[in-house]
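I have a sequence and a structure open, and I'm jotting down what I look up as I go.

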Amino acid sequence: MGKRIFPLSAAFLSLLLLHAGISITHAQEPYYRGKTVRFLVNFSAGGPTDVFGRLIARYFPKHIAGNPAVMVQNMAGAGGIIGANYVYEIAKPDGLTIGVFSGMYLPQILGGAGVRYDLNKMPIIAGAAETSIVYIRADTEVKTPADLLKPAKPVIVGGFTRENNKDLALRLALDLLGVPYRYVTGYAGVAELRVAIQRGEINLTSESLTGYNTGGILMVRDGTLVPLYQEGLLGSDGNTIRDARSDLPSFPEFFRKVKGSDPSGPLADAYKISGGSRTMLRFITVAPKTPNDLLQVIRKAFRDTFADPEFKAEAERMLQFQPLTFVGEEAEKVNAAVFRAATGPTRDIVKKMSQQ
């Protein structure tokens, strides 16, 4: 006698679909039909992370089945830690909240205050490499690299938090150059740093290439600021290299112009850790335990968005460069490389600096 096959009840089928993370209302409908996806940006509105997130948000819906609405929410504070903690601890693993983060590596690597997220336990959707541009107020009368050793006014550095990559890269560079400075931290985002530098509260800081090309460059053009160098990326050989999307010299090139030699020693090795963080400056993720099938759908949507000719054209108009992106397994490999770079004695140097 053959086996009898019993049809699944509608209720049981709904439970199966719900467990799989698929719409239970219309099993044949795309999961994202009629839904709203939230891009949660961990810095304030108007800053480079926000610009990057909103640019993607305009093209993302057409590359995912169901064409969901997309809203961008800014959750700034503690150098981006508050937003990262939210996606890690509170956001549901339903693919409806996508974190668009910047600057989250060193706070975790150094055990920063308030860090509860773990980038190694958050499913990576994509990442983007991007250098940062360091600039100084023109009234310091720094016009050439060598002028930084004898500015007309004391150097006052502005940043986010002591564990943040922005702050540490600036401080490491100035320490390597032997430039005395005063350090002011605690600004919520780049927009706030721009206001501070316009007011003269600080006179030296950095912006990612996105921020610089969409905002900082305006203060260069009006004579308020002078660009100094780009901080660079981490090359495959473990050394800092120039991001070809900027014509400014990398920090090692700038250092040679000032000192006539290459940066070396423990501080120079520690500086390379910051380059690793910039190689995955933008970290796009979802909540832990997001179903793998849903994760693959989101990854494909990002891959297709980045390849969209219209997206590329708008990125070129808005950012004045093409994003250098990694998606899926490629992003996972870059993530692992960043953590490998931040090990050993150099990590201890950076950790000590973050506590001063």
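Before anything else, I noted that the expected span of a helix is 1.5 Å times one less than its number of residues. Helices (H or I, at least four residues) and strands (E, at least two) are DSSP runs, numbered from the N terminus.

I'm looking at a predicted model, where local features need pLDDT of at least 70 and side-chain atom pairs count only at pLDDT 80 or more, while totals for chains, interfaces and linings use all residues. Residues are numbered from 1 along each chain as its sequence is written, and side-chain values use heavy atoms, with hydrogens and water left out.

**Entry: helix α12**

I picked α12, residues 329-341, and found 13 residues in it. From first C-alpha to last, α12 reaches 19 Å, close to the 18 Å expected at 1.5 Å a residue. Which residues of α12 are buried? I got A331, V334, N335, V338 and F339. (Buried means under 20% relative accessible area, exposed over 50%, partly exposed in between, with a 1.4 Å probe and protein chains only.) Looking down the axis of α12, I see its buried residues fall within an arc of 140°, so they line one face of the helix. That arc is taken from the directions from the helix axis to the C-beta atoms.

On the face turned away from the buried side of α12, I found the exposed residues E329, K333 and R340. The buried residues of α12 pack against several elements, including α9 (266-279) and β13 (324-327). Contact here means heavy atoms within 4.5 Å.

**Entry: S102**

I found S102 in strand β3, residues 97-102. Buried or exposed? S102 counts as buried because its relative accessibility is 5%. Leaving out residues up to four places away in sequence, S102 touches N42, F43, T49, L281 and R282. With T49, I noted a polar contact between the two side chains, at 2.8 Å. (A polar contact is a pair of N or O atoms within 3.5 Å; within protein, one must be able to donate a hydrogen and the other to accept it, and residues adjacent in sequence count only if both atoms are side-chain atoms.)

**Entry: T161**

T161 sits in the loop between β6 (155-158) and α5 (165-177). T161 is buried too, with a relative accessible area of 14%. Among the residues T161 touches are A78, D167 and Y183.
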